[in-house]
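Hi,

Here is the structure I promised to pass on. Have a look at it first, and my notes follow below.

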Amino acid sequence: APAAAPWYFIRCWVDKPNLLVGIQVNARALGTAAVTAAPVGAAGAFEIGRYNGASTYHNGRLAGWDKRDRLWSSAEHGYMYNNGKGRQLRPGVGFV
């Protein structure tokens with residue numbers, strides 16, 4: 001279970017060709033699960049930190065997020081995690 005007040009680096013992805021979804025928290029092992037069909041676009045709001053319309057929300061601050069159109073390599077994840085310090089990619093600026 002998450003501890004109170006620490007910083008977490010959470011990475012989630014969808015591997016459409018292989019019908020997998022995954023999550024990785026900080027530098028821990030990857031967690032993946034098979035899905036029966038690739039996700040598709042649908043009408044409605046995209047909400048980070050909320051469970052499918054329920055009244056339960058993420059209790060904390062979000063430092064940043066981004067969307068990639070490809071899977072990250074292990075080296076990219078390690079670079080972005082930055083030993084718990086985190087990095088963000090800012091358009092026109094680069095990594096900060």
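A pocket here is worked out on a 1 Å grid over the protein atoms alone, as an open set of points with protein on both sides within 12 Å along at least five of seven lines. Its volume is the space filled by probe spheres set on the points, which are joined across faces, edges and corners.

Please keep in mind that this is a predicted model, where local features need pLDDT of at least 70, side-chain atom pairs count only at pLDDT 80 or more, and totals for chains, interfaces and linings use all residues. Residues are numbered from 1 along each chain as its sequence is written, and side-chain values use heavy atoms, with hydrogens and water left out.

The second largest pocket holds about 160 Å³ of space. Its lining residues (those with an atom within 4 Å of a point) include Arg11, Trp13, Gln24, Trp72 and His77.

Arg11 sits in strand β1, residues 10–15 (strands are DSSP runs of E, at least two residues). Arg11 is buried, meaning under 20% relative accessible area with a 1.4 Å probe, protein chains only. It has no salt bridge (a side-chain nitrogen of Lys or Arg within 4 Å of a carboxyl oxygen of Asp or Glu); Glu76, the nearest side chain of opposite charge, is 6.9 Å away. Arg11 does contact Gln24, Leu30 and Trp72, among others, where contact means heavy atoms within 4.5 Å.

Elsewhere, Pro17 lies in the loop between β1 and β2 (20–25).

Best wishes

Methods:
Helix = DSSP H or I, 4+ residues; strand = E, 2+ residues; numbered from the N terminus. Buried < 20%, exposed > 50% of the residue type's maximum accessible area, 1.4 Å probe, protein only. Lys, Arg positive; Asp, Glu negative; His and termini not counted. 1 Å grid on protein atoms, 1.4 Å probe; cavity = no way out; pocket = protein on both sides within 12 Å on 5 of 7 lines; lining within 4 Å. Lists of a residue's contacts leave out its neighbours within four places in sequence.
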